[in-house]
Amino acid sequence: PQAKQVETALDLIDPLPLKSLAPGHGPLVRYSLSRLRQDYRQWCQHQAQQPLRVALLYASAYGNTARLADAIAQALNAAQIAVEAINCEQADPNTLVDTLSQCDGFIIGSPTLGGHAPVQIQTALGLILANVPKTKLVGVFGAYGWSGEAIDELERKLKDANYTFGFEPLRVRFSPDAAALEACTAAATQFAQRLRKRQKQQEARPAIAEAYSDRTAQALGRVIGSLCV
C-alpha cells in the first residue's frame, strides 16, 4: 500500500516542471530527474506485485498429514506467502501441472501406506519430475505409523532430480503434537525466507548483467584502488 501511494504521488508531480528534488532523508538532486523518477516508479510497481506463491500438495490417510499441511499453510500465510493447497486425492493432473508452473516453489506431504507413498502422491511426483523446472524451491513432510518410507522416497527422488530444499524433511510419527506443529511453523518460515532470498538473487542478476554491458562500468570495474586512479 505504501508503494502504491508513492506511485500515485509520482503521477501527480509528472506534469510539473521540476528543477530539483529535495528529500528530507537524502541529498539534493538536480540532475537526471526523469531517470530517477522512472527507476523509482519501477521499484514501486515491483513492490505492489502479487506475493510469492507456493503449491502445497498432500494426501492424508488418517488426517495427520493434513494437519501438518494446515500448519505449514498458516505459517506461510503469516509470512505473506500465497498458498495453493492441493489435495492430490482430488486433483486433476492438468490443473496440478498448471498450478505448479505458476508457483515459485512447492511443498509435498505424504503418509506411508504399506511402505510406500499413496498412488496419488506417486502420480503427482511423476508429473513434477517430468514438467516442473528444477529451479523451484521444494520441501517434503509427512506423518507415518512405523517407518516413514514415503518421506524418504520423496526426498531421494527430488534430490536426485537436483531440486533445492527449503527445509529439512519433516517426519512426524502418528498424530502431531504441539512440538510437531511448531516444527511445521519453523520449517515454513525458513522456506519463506529462502524463497525471498532466491527472488532477490534472481532480480539482481539482470541488473548486474546490464552494468557489465556498459563500457564505462567495464572500465571502472578494472579500477581496484585509489593508486590506479
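**Exercise 1.** Determine whether R171 is buried, partly exposed or exposed, and identify its salt-bridge partner.

*Solution.* Step 1: The relative accessibility of R171 is 36%. Buried means under 20% relative accessible area, exposed over 50%, and partly exposed in between (1.4 Å probe, protein chains only). R171 therefore counts as partly exposed.

Step 2: The model is predicted; local features need pLDDT of at least 70, side-chain atom pairs count only at pLDDT 80 or more, and totals for chains, interfaces and linings use all residues. Residues are numbered from 1 along each chain as its sequence is written, and side-chain values use heavy atoms, with hydrogens and water left out.

Step 3: A salt bridge is a side-chain nitrogen of Lys or Arg within 4 Å of a carboxyl oxygen of Asp or Glu. The side chain of R171 forms one with that of D152, at 2.7 Å from N to O. Because R171 lies in strand β6 (residues 170-173) and D152 in helix α6, the pair ties together parts that are 19 residues apart in sequence. Helices (H or I, at least four residues) and strands (E, at least two) are DSSP runs, numbered from the N terminus. D152 is partly exposed too, with a relative accessible area of 32%.

**Exercise 2.** Describe the salt bridge between E155 and K159.

*Solution.* Step 1: The N to O distance between these side chains is 3.0 Å.

Step 2: Both E155 and K159 belong to helix α6, where they are 4 residues apart, about one turn of the helix.

Step 3: E155 is buried, its relative accessible area being 18%, whereas K159 is partly exposed at 43%.

**Exercise 3.** State how α5 and α6 pack, and which residues make the contact.

*Solution.* Step 1: Two packed helices are described by the angle between their axes and the distance between the axes.

Step 2: For α5 (119-131) and α6 (residues 149-160), the angle is about 10 degrees and the axes are 11 Å apart. Axes are lines fitted to C-alpha atoms, for helices over the stretch in contact, and angles run from 0 to 180 degrees between N-to-C directions.

Step 3: α5 is therefore roughly parallel to α6. Angles under 35 degrees count as roughly parallel, over 145 as roughly antiparallel, 65 to 115 as roughly perpendicular and the rest as oblique.

Step 4: The contact (heavy atoms within 4.5 Å) involves I121, L125, I128 and L129 of α5, together with L154, K157 and L158 of α6.
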